[in-house]
Amino acid sequence: MKAIQAQAERQLTVYQKAAESGKVTREAFDAGMVKIMIGTIKNGQLFCKKALAKKIAEEQTKFFNDGIQKAARDVTQNLTNLVKKNGFLR
């Protein structure tokens, strides 16, 4: 988990430096962040659909328990990146 957090923080730093250097416009940066967020939400929706498609309760529970941490973390990490980018979290 620490490695994942460190990687996400480095990713945000890279995006911030690129935006500040003028290599990427603020609009392009924001659009990229939005696309990443949309992708993680779609992945979360797909995870839910796959879990609900399981017809046996035990299989559904196992699938959910095995995958919910990653599905939720991907969404919350990108939300955190957006919050940091906008200066709401320091």
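**Figure 1. Thr 76 sits in helix α3.** Helices are DSSP runs of H or I with at least four residues, strands are runs of E with at least two, and both are numbered from the N terminus. The model is a predicted one, in which local features need pLDDT of at least 70 and side-chain atom pairs count only at pLDDT 80 or more, while totals for chains, interfaces and linings use all residues. Residue numbers start from 1 along each chain as its sequence is written, and side-chain values use heavy atoms, with hydrogens and water left out. Thr 76 has 44% relative accessibility and therefore counts as partly exposed. Here buried means under 20% relative accessible area, exposed means over 50%, and partly exposed lies in between, with a 1.4 Å probe and protein chains only. The C-alpha atom of Thr 76 is separated by 9.2 Å from that of Thr 40, the two residues being 36 apart along the chain.

**Figure 2. Asn 81 is a buried residue of helix α3.** The relative accessible area of Asn 81 is 4%, so the residue falls in the buried class. Between the C-alpha atoms of Asn 81 and Met 37 there are 9.6 Å, and along the chain 44 residues separate the two.

**Figure 3. Asp 30 belongs to helix α2.** A relative accessibility of 27% makes Asp 30 partly exposed. Asp 30 and Leu 82 are 52 residues apart along the chain, and their C-alpha atoms are separated by 9.0 Å.

**Figure 4. Helices α2 and α3 pack against each other at an angle of about 165°.** Their axes are 9 Å apart. Axes are lines fitted to C-alpha atoms, for helices over the stretch in contact, and angles run from 0 to 180 degrees between N-to-C directions. The two helices are therefore roughly antiparallel to each other. That class holds angles over 145 degrees; angles under 35 are roughly parallel, 65 to 115 roughly perpendicular and the rest oblique. The crossing of α2 and α3 is left-handed, a term for a near helix turned anticlockwise from the far one by less than a right angle, clockwise being right-handed. In the contact of α2 with α3 there are 15 nonpolar, five polar and five charged residues. Ala, Val, Leu, Ile, Met, Phe, Trp, Tyr, Cys and Pro count as nonpolar, Asp, Glu, Lys and Arg as charged, and the others, Gly among them, as polar.

**Figure 5. Two aromatic pairs are found in the structure.** Rings of Phe, Tyr and Trp (its six-membered ring) pair if their centres lie within 6.5 Å; planes under 30 degrees apart count as stacked, over 60 as edge-to-face and the rest as tilted. The ring centres of Phe 47 and Phe 63 are 5.3 Å apart with planes at 20°, so this pair is stacked. The pair links distant parts of the chain, with Phe 47 in helix α2 (residues 26-53) and Phe 63 in helix α3 (residues 57-85), 16 residues apart. Phe 47 counts as buried because its relative accessibility is 10%, whereas Phe 63, at 25%, counts as partly exposed.

**Figure 6. Phe 47 also pairs with Phe 64.** Their ring centres are 6.0 Å apart and the planes stand at 40°, so the pair is tilted. Again distant parts of the chain are linked: Phe 47 is in helix α2 and Phe 64 in helix α3, 17 residues apart. With 38% relative accessibility, Phe 64 counts as partly exposed.

**Figure 7. The protein has three helices and zero strands.** From the N terminus on, the order of elements is α-α-α. The protein has 90 residues, of which 20% count as buried. Among contacts (heavy atoms within 4.5 Å) between residues at least 6 apart in sequence, 58% join residues at least 24 apart.
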